[in-house]
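This report goes through a single protein chain and its metal site. Please look at the sequence and the model before reading on.

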Amino acid sequence: MQLEGIHHITAITGDAARNVDFYTRVLGLRMVAKTVNQDDPSVYHLFYADEEGHAGADLTFFEYPHAVPGRAGAGMVHRIVSRVASRAALDFWEARLAGEGVATEREPERLLFADPEGLGHELALSDTPDAPLSAEHPEIPLEHALQGFLGVRAYSADPVQSAALLERVLGASALSGDTWELRGALRGGTIAYDPAPAEPGRQSAGTVHHIAWGTTVAEHPRWEEHLRASRVPTSGIIDRHYFHSIYFREPSGVLFEIADDAPGFTVDVPLERLGSEVILPPKLEPHREQIEARLTPLPDPRAGWPTPTAAPAP
Ligand code: ZN
């Protein structure tokens with residue numbers, strides 16, 4: 001039983017409109033679902049991913065309207081690392097982000113930047129054999145597009161304390177003294193630890209809330225049994241509508257989740273309409289009018305796209 005790399009990463013935004021603009025228009029991800037927080041339907045839960053909404057490229061945000069800026073500290077993920085195919089892709093992103101007024105830091109094989117709320121990102125060259133997970137965008141050539149997650153970097157004063165859980169319980173392999181990989185049949189993903197800053201973290205806008213590792217529907221309940229047998233306290237299995245989840249905290253403090261691979265985002269709408277409307281859990285559907293009136297209006301990011309022109313008649 002091996003985990004399939006990173007299934008999704010969930011972070012926090014205080015500004016949903018700016019968040020949608022940055023991740024869809026600037027970074028070229030596809031908004032694959034626009035739903036509401038199950039516990040507070042007055043705020044969004046936004047999902048971005050590749051064209052088909054695959055696990056492995058799914059970045060989600062809880063909306064905390066007007067939240068103060070957060071800060072990553074010990075026990076928190078501070079950087080999301082995404083794959084790109086080539087140095088030419090890094091050049092493309094360096095120029096595109098500069099054109100948007102986003103500061104970047106370039107190294108030969110990676111590009112560092114932050115989103116408008118300070119969430120750290122890295123685009124990295126990758127020699128992984130894993131299938132690329134990219135979205136379509138009229139301004140971004142497919143060969144330069146983001147290709148899904150390579151991994152995350154977190155802060156920990158003592159990564160060794162996380163090693164036992166990662167290696168013995170979750171089946172991770174140590175790639176180096178501070179980096180572990182969880183690799184299944186389809187793909188792999190890494191978590192690396194950096195020394196934590198002295199200042200404590202603050203979970204708020206621009207910080208990562210949790211990261212989820214992927215598994216299959218068949219193996220998901222077995223992970224819950226396995227964690228319980230390994231004496232790891234968990235949330236139990238929770239139905240998250242698009243997938244099922246088990247939450248637990250790793251010893252350095254990062255909130256982990258194990259999520260399965262069904263039913264996925266097309267449970268609500270067909271693939272071509274993903275992200276175009278607010279999705280409500282069935283129990284909230286009768287209250288749609290009141291709920292939509294309280295939500296920040298967010299346009300369909302693809303509404304203004306040029307419509308594909310039919311081939312000219314011969
Ligand atoms: Zn999650």
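## Zinc site

Donors are N, O and S atoms within 2.8 Å of the metal, and water is not among the atoms, so sites may look incomplete. The model is a predicted one. Along the sequence, the donor residues of the zinc ion follow the spacing H-x201-H-x46-E. His8 and Glu257 connect distant parts of the chain: His8 belongs to strand β1 (residues 6–13) and Glu257 to strand β16 (residues 255–259), 249 residues apart.

The donor atoms from the protein are NE2 of His8, NE2 of His210 and OE of Glu257, at 1.9 to 2.0 Å from the zinc ion. Both His8 and Glu257 are buried.

## Helix α4

Helix α4 covers residues 220–229, and its buried residues are His220, Trp223, Glu224 and Leu227. These residues lie on the same side of α4, because the arc they cover around the axis is only 100 degrees.

The buried residues of α4 pack against α3 (160–169), β14 (237–239), β15 (244–249) and β16. After α4 comes Arg231, which has a positive phi near 60 degrees.

## The whole chain

Five helices and 17 strands make up the secondary structure elements of the protein chain. Its radius of gyration is 19 Å, close to the 20 Å from the globule rule for 314 residues, so the chain is as compact as a globular protein of that length. The C-alpha trace spans about 60 × 50 × 45 Å along its principal axes.

Of the 314 residues, 52% are buried. Among contacts with a separation of 6 or more, 68% are between residues 24 or more positions apart. The accessible surface is about 14,100 Å², and carbon and sulfur atoms account for 54% of it.

Definitions and conventions:
Residues numbered from 1 in each chain as written. Predicted model: local features only at pLDDT ≥ 70, side-chain atom pairs only at ≥ 80, totals over all residues. Heavy atoms only, no water. Donors = N, O, S within 2.8 Å, 3.2 Å for Na, K, Ca; no water. Helix = DSSP H or I, 4+ residues; strand = E, 2+ residues; numbered from the N terminus. Buried < 20%, exposed > 50% of the residue type's maximum accessible area, 1.4 Å probe, protein only. Arc of directions from axis to C-beta. Contact = heavy atoms within 4.5 Å. Rg over C-alpha atoms; globule rule 2.2 N^0.38 Å. Areas by Shrake-Rupley, 256 points an atom, 1.4 Å probe, with all protein chains shown as cover.
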